[in-house]
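Have the sequence and the 3D view open as you read.

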Amino acid sequence: MKDHIRSWNFGSTWDVYRRFFKDTHVTSEVLQERGTIPADLFPWAKVCTWTLKMLNARVVPYEDIAPFLLLKGLLEGFPEPDMRHVIIDEAQDYTIAQYEVIRHSFPAAGFTILGDPNQATNPHMNTGNYMCLDEVFGDKKPAFVRLRNSYRSTRQIADFCQAILPGEEKAVPLDRPGSLPKVIHVEKCNELLPHIENDIHSLLKQGFKSIALICKTAPQSKKVYNELKARVKQIRLLTGADRSFQTGIVVLPSYLAKGLEFDAVIACNTGKDQYSRPGGQRLLYTVCTRALHRLHLYYTGESSPFLPSAGSGLYKHVSN
């Protein structure tokens, strides 16, 4: 009997997962039949070729971790820790597959899921407006609660940030007055950092304790830090490897800014060349909403088309 049962063995989960990408004609038909992904917009054959290359090298790409764990759990069983309640923050950056893994891993738990869809920094790795979570947690009869009050920023900063996302449902900011955000144009690229350095010293003299210099990417952050560290005392570079948050003057990339807040934020380059592509609008919104009391946005060339119009009265424009 044992030998007969062993004969049913289909192989390892790893081999089964690889088959999804080897049998491309099967998965292509399933995707088209479900209408999930338009064939002309999603090059499935190329995705399969690249994914198989990585899997054959024993490397699991980030976007494949959750689907693989889901398959492994469905075939071999999920761990079932004795948790009564699970709280998920920054919920906008989880995919449906990740939620499926979490849901199966905590079958007896209740869930509190918190996030702001407007702060989704990766347009291809998020759940959109959360309505799809009804499919995942439907048996728990989820209740959707929209939180509309904003307590972080001054009213001027909050109004400016909301104008970056026109058409979205507006939050109600706390009526705490402050200075208008500044959008600062610098004529030459090599003059950008000297102006930012002067801005840092000015903010310190005004008594602001935490100042963030936010760049779009990690290489840009490293470059800004390397050029300023000799002239600005106590400046720190925040990277993905850091496990503790440093106060004071911090340089960091935009995708690490979520969930953090600072007395003053200096967005180092908000030009059209940095923030104009799809997905950049919500990324710029996330950067700006980190500021509590002061928000200064620098740019060279043309400003980002996502910024409010010059005549909106929502910011002060400065040319250097």
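Thr300 counts as buried, at 11% relative accessibility; buried means under 20% relative accessible area, exposed over 50%, and partly exposed in between, with a 1.4 Å probe and protein chains only. Look for Thr300 in the loop between strand 10 and strand 11 (316-319). Leaving aside residues up to four places away in sequence, Thr300 touches His185, Val186, Lys188, Cys189, Leu192, Asn269 and Gly271, where contact means heavy atoms within 4.5 Å. Helices (H or I, at least four residues) and strands (E, at least two) are DSSP runs, numbered from the N terminus.

A word on the model itself: it is predicted, so local features need pLDDT of at least 70 and side-chain atom pairs count only at pLDDT 80 or more, while totals for chains, interfaces and linings use all residues. Residues are numbered from 1 along each chain as its sequence is written, and side-chain values use heavy atoms, with hydrogens and water left out.

Is Thr270 buried or exposed? Thr270 is buried, with a relative accessible area of 1%, and it is found in the loop between strand 9 (262-267) and helix 11 (280-288). Beyond residues up to four places away in sequence, the contacts of Thr270 are Tyr275, Leu284, Leu297, Tyr298, Tyr299, Ser303 and Ser304. Thr270 and Phe306 are 36 residues apart in sequence, and their C-alpha atoms are 9.5 Å apart in space.

Asp134, by contrast, counts as partly exposed at 41% relative accessibility. Asp134 lies in helix 7 and touches Pro142 and Phe144, not counting residues up to four places away in sequence. Between the C-alpha atoms of Asp134 and Phe144, ten residues apart along the chain, the separation is 9.4 Å.

## Helix 5 and its partners

Helix 5 (residues 62-76) packs with helix 6 (residues 96-105) at an angle of about 35°, their axes 8 Å apart. Axes are lines fitted to C-alpha atoms, for helices over the stretch in contact, and angles run from 0 to 180 degrees between N-to-C directions. Tyr62, Ala66, Pro67, Leu69, Leu70 and Leu74 in helix 5 meet Ala97, Gln98, Glu100, Val101 and His104 in helix 6. The buried residues of helix 6, among them Gln98 and Val101, pack against helix 5, strand 1 (85-88), strand 2 (110-113) and helix 7 (133-136).

The axes of helix 2 (residues 13-22) and helix 5 come within 10 Å and cross at roughly 125°. That makes helix 2 oblique to helix 5; angles under 35 degrees count as roughly parallel, over 145 as roughly antiparallel, 65 to 115 as roughly perpendicular and the rest as oblique.

## The nonpolar cores

Which residues have the most contacts inside the largest nonpolar core? They are Phe160, Leu252, Leu284, Cys288, Leu295 and Leu297, in a core of 29 residues. Such a core is a set of buried Ala, Val, Leu, Ile, Met, Phe, Trp, Tyr and Cys residues joined through side-chain atoms within 4.5 Å. Helix 11 gives the largest share of this core, five residues.

Leu295 touches Ile157, Phe160, Pro181, Lys182, Val265 and Cys288, not counting residues up to four places away in sequence. A second, separate core of 22 residues includes Leu192, Val224, Leu228 and Ile249.
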